[in-house]
Amino acid sequence: MDPISDQDLIAAAIEGSKQAYIPYSNYRVGAALLTESGAVITGCNVENVGYSPTICAERTALVKAVSEGHRNFAAVAVVTRDGGSPCGVCRQALFEFSPAMKVLLADLDGNLCLSTTLADLLPHGFGPANLE
Ligand code: THU
């Protein structure tokens with residue numbers, strides 16, 4: 001399998017964003033996780049009239065991936081209209097599995113806004129090792 005480029009992963013996140021269910025915020029988010037084995041799993045935000053059941057795109061992709069047997073991630077791309085950064089809950093959810101993963105933030109046209117790592121977005125994070 002050819003390695004997935006950053007731009008390919010961003011394109012997958014844009015594709016994922018097309019399914020976003022966003023009647024309340026109209027803030028479209030797409031995410032694409034790249035597993036260590038080279039698989040790409042996408043997600044979008046899915047909102048709810050009760051507000052708190054809303055799930056972010058990153059966690060949609062994460063639960064899809066984990067439920068399909070993937071637990072090790074090399075990277076995640078997140079796309080929004082303004083290159084927005086993952087919320088704290090999503091940072092924590094991703095940190096559980098791969099704190100070193102690359103994080104690509106881009107806009108809905110595919111322009112890269114920031115390339116960073118999860119460890120940089122969640123310094124001194126609380127992880128599984130804390131409970132060993
Ligand atoms: N949202 C995400 O999908 N990911 C984030 O990391 C931040 C926020 C969604 C949740 C909600 O549907 C909309 O963006 C506005 O908060």
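1. Strand S1 is covered on both of its faces: Gly 30, Ala 32 and Leu 34 are buried on one side, and Ala 31, Leu 33 and Thr 35 are buried on the other. In a regular strand the side chains alternate between the two faces of the sheet. The model is predicted.

2. How much of S1 is buried? Six of the six residues in the strand, which spans residues 30-35, are buried, so S1 is largely enclosed by the rest of the structure.

3. S1 and S2 make a hairpin, with four residues between the strands. Gly 38 lies in the turn and has a positive phi of about 95 degrees.

4. S1 also pairs with strand S3, residues 73-80, again in the antiparallel sense, over six bridges. Here Ala 32 is found opposite Ala 77 of S3.

5. Where does Tyr 51 sit? Tyr 51 belongs to the loop between S2 and helix H2, residues 57-67.

6. Is Tyr 51 buried or exposed? Its relative accessibility is 59%, and the cut-off for exposed is over 50%, so Tyr 51 counts as exposed. The residues of S1, by contrast, are buried.

Definitions and conventions: Residues numbered from 1 in each chain as written. Predicted model: local features only at pLDDT ≥ 70, side-chain atom pairs only at ≥ 80, totals over all residues. Heavy atoms only, no water. Buried < 20%, exposed > 50% of the residue type's maximum accessible area, 1.4 Å probe, protein only. Helix = DSSP H or I, 4+ residues; strand = E, 2+ residues; numbered from the N terminus. Pairing = 2+ DSSP bridges.
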